[in-house]
Amino acid sequence: VLPADVWAPLAVALGAGALTLTICALLYRDARRGALTASALIVAFAFFGHLGAGLDEDVVTEPMQLVVWVGIVAAVAVVAWRVRTSRLGSVTAALNAFGLVLVLISLVTIVPAELTRVARGSQGEPISPDVVIEATRAPERDIYFLVFDRYGSDWSIEQRFGIENDLYPDLEAAGFTVVPGARANYRATDFSLASMLNMALLDDLTETVGPVSDDRTPAREKLGQHEVGRFLRANGYRYYHLGAWYGPTRSNPIADEVLVWGRTTELEQVLRDATALPALERLLGTAEDDDFRNRHREEALFELRQLARLADTPGRKFVFAHVLLPHPPYGWDADGNIVTKAQEQAAVAEGREGELYAEQLAFTNERIRELVAQLLDRPSEDQPIIVITGDEGPMVCGHVDCIDGSPETYGIRFGTLRAYYLPELDVEPPPDDSGVNIFRLLFREYFGADLPDLPNRSYDWPDNDHLYDFRDVTDQLPLPGADD
């Protein structure tokens, strides 16, 4: 979590705590008595989701949990009212000590990680590829870089779900060059996008961070100051950044304009989900569906609307959109009807996740067709450069990223959608085209930059405690569409 994401929820928490304390103190006409009840209220409200997540809902339902918490708060309120004044000081001191212990427990995990990060930064500038990008010309065309999350290649989707995707022929009919064997350089969104947008592999992180690390921050920091955005802004492009709930791509400090639905960050959403609010909304029937699922749907639709709007915005522009489709949760069927959390859970329990993916994939494909038609509905000399790509393939085990080392599972996770619309350009990307070379191709052919392709390689890591211990798995990946 970046510091910029912390201040708003911290201010809300402190403000809500102060308000609760003030109200309780006024009711008791005693600040220390009010503090006891305020503490119980805040603990019950803020930690409901943390404790509830570990309980079996078939045994202890949400209404039962709410009743228990109400009972606890009521008991504390009675104790606060009846406790002798002479004992209030010792009770307050004991609770303050307990609160301090909770803070210290958190610091035990936070401080060492932050000290390691500071020490790493003091060792000097990170090792970065020796790439000097100089343009000798610039196209008078907009550039759209559209990333659809967990949109695998046709082979990947068919192997995982048994689905025959129908999008590629339509893209080819619209003039796109489709790469059936396209793959990601890394099997996770943050690493994959960092490689794409910096036109480089992440080997430098193995040197600066070390192979033994579970800290994703160094890879995610590369997304904030990426080379593609800096280069295009330096060459007269206005950078529009469309983000969703995924924290690393929700915003970007170098973008000229960041467009997001609402203002809630991923951290704020996680904190809200840990409170009693979602349970209260479900109990009162005020939530149409799970709050996160509603947000997932609204953000995707917002991005698609903004992409259509930007098509008619004057001036040369670079548009980056990270659209979290067909990434779960599965919120739509093929016709755009809402799929609720209960419907999804029932389908997964019956082994029908493939049907859910197929429906959301069909919905996504129709939105892509509509968007392509809107972007290309202009004279040929004004048509934009468009890259439509995935960042990774679908998960192999539901929502768990399990890899057994077989060519099939590697092919599912690394195979991605990739299609180029390249006006006035007659080039054929290689059959094993990887994300690292997307903008090397564009900048070389349209801007005259001296950017030869890097080797098309794909890398895995042994586990999430060794994120930068990269292992080359390229030769284990299937290559659909290759001549051989």
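Predicted model: local features only at pLDDT ≥ 70, side-chain atom pairs only at ≥ 80, totals over all residues.
Colleague: How many helices and strands does the protein have?
Modeller: The secondary structure comes to 19 helices and nine strands, where helices (H or I, at least four residues) and strands (E, at least two) are DSSP runs numbered from the N terminus.

Colleague: And what is the radius of gyration beside that of a compact globule?
Modeller: For 484 residues a compact globule would have a radius of gyration near 23 Å, and the protein has 26 Å, which agrees; the radius is taken over C-alpha atoms, and the globule rule is 2.2 Å times the number of residues to the power 0.38. Along its principal axes, the C-alpha trace spans about 85 × 55 × 50 Å.

Colleague: What share of the residues is buried?
Modeller: Buried residues make up 46% of the 484, and here buried means under 20% relative accessible area, exposed means over 50%, and partly exposed lies in between (1.4 Å probe, protein chains only).

Colleague: Let's go inside, then: which residues touch the most other members of the largest nonpolar core?
Modeller: That core has 48 residues, and Phe145, Phe191, Phe318, Phe439 and Phe443 touch the most other members. A nonpolar core is a set of buried Ala, Val, Leu, Ile, Met, Phe, Trp, Tyr and Cys residues joined through side-chain atoms within 4.5 Å.

Colleague: Which elements give two or more residues to this core?
Modeller: They are strand S1 (143-148), helix H8 (189-198), helix H11 (227-234), strand S5 (317-323), strand S6 (385-390) and helix H19 (438-447). The largest share of this core, seven residues, comes from H19.

Colleague: Why is H19 described as largely enclosed?
Modeller: Eight of the 10 residues of H19 are buried, so this helix is largely enclosed by the rest of the structure. The buried ones are Ile438, Phe439, Arg440, Leu441, Leu442, Phe443, Tyr446 and Phe447, and what covers them includes S1, H8, H11, S5, S6 and S7. Just after H19, Gly448 takes a positive phi of about 70°.

Colleague: What does Phe318 touch?
Modeller: Not counting residues up to four places away in sequence, Phe318 touches Ile143, Phe145, His226, Val228, Leu232, Tyr237, Arg238, Tyr239, Tyr240 and Phe439, with contact meaning heavy atoms within 4.5 Å. There is also a second, separate core of 43 residues, which includes Leu167, Val323, Leu376 and Ala419.

Colleague: Back to H8 for a moment: is Ala194 buried or exposed?
Modeller: Ala194, which is found in helix H8, counts as buried because its relative accessibility is 0%. Leaving out residues up to four places away in sequence, Ala194 touches Leu202, Ala219, Lys222 and Leu223.

Colleague: Where is Lys222, and what is it in contact with?
Modeller: Lys222 sits in the loop between helix H10 (217-221) and H11. Apart from neighbours within four places in sequence, Lys222 is in contact with Ala194, Asn198, Leu202, Asp204 and Leu205. Lys222 and Asn198 are 24 residues apart in sequence and 7.5 Å apart in space, C-alpha to C-alpha.

Colleague: Where is Arg150, and what is its phi?
Modeller: Arg150 is not a glycine, although its phi is positive at about 55°, and its place is in the loop between S1 and helix H6 (154-161). Arg150 counts as buried because its relative accessibility is 12%.

Colleague: And is Glu424 buried or exposed?
Modeller: Glu424 counts as exposed, because its relative accessibility is 74%. Glu424 is in the loop between strand S7 (418-421) and H19, and has a positive phi of about 60° although it is not a glycine.

Key. Residues numbered from 1 in each chain as written. Heavy atoms only, no water.
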